[in-house]
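Please work through the following exercises with the sequence and the model in view.

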Amino acid sequence: MTRERRRGVLSIDEGTTGTRAAVVLDDGGAAPAAYLPISVASPDHLRVEQDATEIWVNTVRVCREALDWAAAHRVEIAGVSVSTQRATVLLWDTVTGAPLSRAVVWQDRRYARRLPEWEEEWDRRLIEHTGRPVGSRAPLLWAAEEIAGNPAARRAHDEGRLAFGSIDSWLVWKLTGGARHVVSATNAVALGAYDLRTGDWHEPWVDFLGCPRDVLPRIVDEDGDLGAADPAVLGAELPVLSVMGDQHAAMLALGAHRPGQATCVHGTGTFLDAVAGDRPPAPRRPVPGVLTLVGWRSRGVPVFSLEGYAATTGSAVRWLCEEIGLFESPRRLAELAREHPGPARVRFVPALAGLRTPVWSPEATGVLTGLSLSTTRAELARGVLDGFAHSVCDLIEGLEAVMGGPIGELICGGGLATSDVLMAAQADLAGRPVRRALGHETASLRGAAYLGGVRAGLWPSVAAAVAAQPPGPVFEPASSDGERREARAAWRDLLARHVAAGTEPRPEARTEARTEPHRQEESPS
């Protein structure tokens with residue numbers, strides 16, 4: 001008796017700290033994922049970089065492992081879907097296929113001090129057209145400066161063989177053997193020069209930053225014309241069905257499809273994304289760090305979203321465990337936090353790469369306070385997770401202020417979401433139920449695959465694929481309103497005092513601002 005052949009999508013999730021690939025099956029579930037870590041280098045406290053060749057080699061390896069699983073289990077692969085970290089960029093040679101720069105990661109802050117020069121002139125115009133201010137990074141400016149200062153990049157540009165793009169651009173170009181130089185709308189928005197009205201590059205900003213237009217990728221729908229994988233890469237000519245930013249892919253998989261629904265994904269950073277509808281929302285009032293994005297663009301029709309993020313939550317856990325050695329592992333941190341009844345006197349502000357919401361302070365640093373001789377490791381662990389929960393509440397309040405209304409449903413995912421302590425703290429401090437999605441670890445993989453699978457005929461709609469998945473547990477708030485207000489007031493006071501202390505003028509900062517050349521930098525994911 002032969003087993004019936006099933007269908008599936010080979011889905012790639014290219015994150016900041018690792019690459020995974022898995023087959024997403026026609027029942028909406030994901031097969032076991034193949035995973036490889038990616039190195040992240042921080043040459044100083046502002047720069048964050050990666051090796052694009054390592055990213056590509058790891059991607060091929062995990063894809064082949066996932067395809068071997070499909071062959072062993074008689075699964076027919078309908079195509080390839082890709083979700084990626086956003087706003088990480090590089091330059092490469094379109095003849096040799098080799099990177100001509102390090103990939104500059106979305107957490108990079110090397111330009112945070114200089115970009116404010118353009119805020120007065122550009123913020124209003126950029127918010128109107130691109131949904132975001134000048135910000136703390138500008139990837140297209142980095143491309144312009146890299147072309148000017150990197151002889152290999154300048155030579156390649158002069159000879160018409162230079163390409164610029166984000167990680168999705170790089171992977172699609174490599175997958176298709178150089179046949180497609182594109183960027184999906186969700187990733188283009190993260191580069192800071194996507195015009196929300198036209199769906200194309202906002203040329204005045206591109207030109208001001210000095211980025212040559214001929215190196216820019218073409219912006220396409222998340223399920224647009226993405227070509228096919230070169231048989232020499234994966235062993236078969238598989239269509240590339242969809243490409244999108246990881247947080248937006250997670251929104252699709254976790255079920256946030258209607259206005260007012262939101263997802264909170266705890267990865268390297270914590271991202272809160274809310275569906276805003278078919279038009280860019282007109283902000284009721286500006287809130288630092290809250291951006292208008294394209295949630296996804298399918299068949300020419302965009303769905304817009306709002307986003308706020310804390311840049312270092314998961315990466316703060318890794319730092320606490322691997323760099324500082326306070327905890328043996330993230331799992332042990334979560335176990336210890338469960339041993340402390342709370343609330344903790346220890347406060348942890350995870351601003352290891354700056355603050356964005358509720359205060360815009362890219363140069364802010366982390367805070368660990370409230371320590372005494374009676375502090376235990378359990379209380380320290382509990383304080384860390386409570387700090388993450390407060391950061392989520394800051395994001396919720398920011399998005400609701402921009403929307404002018406409440407977030408109706410919050411669905412959580414990502415590695416840290418496995419902690420019951422963190423989920424309960426979020427519910428308590430936000431004063432609302434929080435749902436932890438089942439299978440949230442594969443949300444980005446599945447979301448990109450659902451969109452691509454609709455195109456390939458595996459599902460009639462993304463909603464149908466999501467509906468087939470079981471719901472996750474709901475955490476209800478247990479604290480009183482008074483306890484919640486007191487805790488949030490103490491947190492806001494801590495942030496205000498920390499930011500005020502960190503913004504005192506420093507002589508070296510003033511000197512640097514006077515002597516650095518007039519140039520620009522990179523914009524947040």
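The model is predicted: local features need pLDDT of at least 70, side-chain atom pairs count only at pLDDT 80 or more, and totals for chains, interfaces and linings use all residues. Residues are numbered from 1 along each chain as its sequence is written, and side-chain values use heavy atoms, with hydrogens and water left out.

**Exercise 1. The largest cavity**

Task: Determine how much space lies in the largest cavity and which residues line it.

Solution. 
Step 1. On a 1 Å grid over the protein atoms alone, a cavity is a set of points where a 1.4 Å probe fits but cannot get out, and lining residues have an atom within 4 Å of a point. Grid points are joined across faces, edges and corners, and a volume is the space filled by probe spheres set on the points.
Step 2. There are 2 cavities of 30 Å³ or more in the structure, and the largest cavity contains about 120 Å³ of space. Its lining has 15 residues, of which Ala310, Leu355, Arg356, Thr357 and Ser391 are the closest to the centre.
Step 3. Helices (H or I, at least four residues) and strands (E, at least two) are DSSP runs, numbered from the N terminus. At least two lining residues come from each of strand E15 (301-310), helix H12 (377-403) and helix H16 (481-502); H12 gives the largest share, 3 residues.
Step 4. For the classes, Ala, Val, Leu, Ile, Met, Phe, Trp, Tyr, Cys and Pro count as nonpolar, Asp, Glu, Lys and Arg as charged, and the others, Gly among them, as polar. The lining of the largest cavity then divides into 10 nonpolar, 3 polar and 2 charged residues.

**Exercise 2. The largest pocket**

Task: Describe the lining of the largest pocket by position and by class.

Solution. 
Step 1. A pocket is an open set of grid points with protein on both sides within 12 Å along at least five of seven lines.
Step 2. The largest pocket holds about 1200 Å³ of space. Its lining comprises 46 residues, with His266, Gly267, Gly414, Gly415 and Leu416 nearest the centre.
Step 3. Among the elements that each supply at least two lining residues are strand E2 (18-25), strand E12 (261-266) and helix H13 (420-430).
Step 4. By class, the lining of the largest pocket has 13 nonpolar, 21 polar and 12 charged residues.

**Exercise 3. An aromatic pair**

Task: Classify the pair formed by Trp122 and Phe208, and state whether each residue is buried, partly exposed or exposed.

Solution. 
Step 1. Rings of Phe, Tyr and Trp (its six-membered ring) pair if their centres lie within 6.5 Å; planes under 30 degrees apart count as stacked, over 60 as edge-to-face and the rest as tilted. The count by this rule is 11 aromatic pairs.
Step 2. The ring centres of Trp122 and Phe208 are 5.0 Å apart with 45° between the planes, and the pair is tilted.
Step 3. Trp122 belongs to helix H2 (residues 119-130) and Phe208 to helix H7 (residues 203-209), so the pair ties together parts that are 86 residues apart in sequence.
Step 4. Buried means under 20% relative accessible area, exposed over 50%, and partly exposed in between (1.4 Å probe, protein chains only). Trp122, at 4%, is buried, whereas Phe208, at 31%, is partly exposed.
Step 5. Trp118, Trp122, Trp205 and Phe208 make up one aromatic cluster.

**Exercise 4. Cysteines**

Solution. 
Step 1. Cys393 is buried, at 2% relative accessible area.

**Exercise 5. Backbone geometry**

Task: Locate the cis peptide bond between Gly342 and Pro343, and examine the phi values of Ala87 and Arg299.

Solution. 
Step 1. Most residues other than glycine have a negative phi, and most peptide bonds are trans.
Step 2. The cis bond joining Gly342 and Pro343 has an omega of about -5°, and Pro343 lies in the loop between H11 and strand E16 (347-349).
Step 3. Ala87 has a positive phi near 65° and is buried, at 1% relative accessible area.
Step 4. Arg299 has a positive phi near 55° and is exposed, at 67% relative accessibility.
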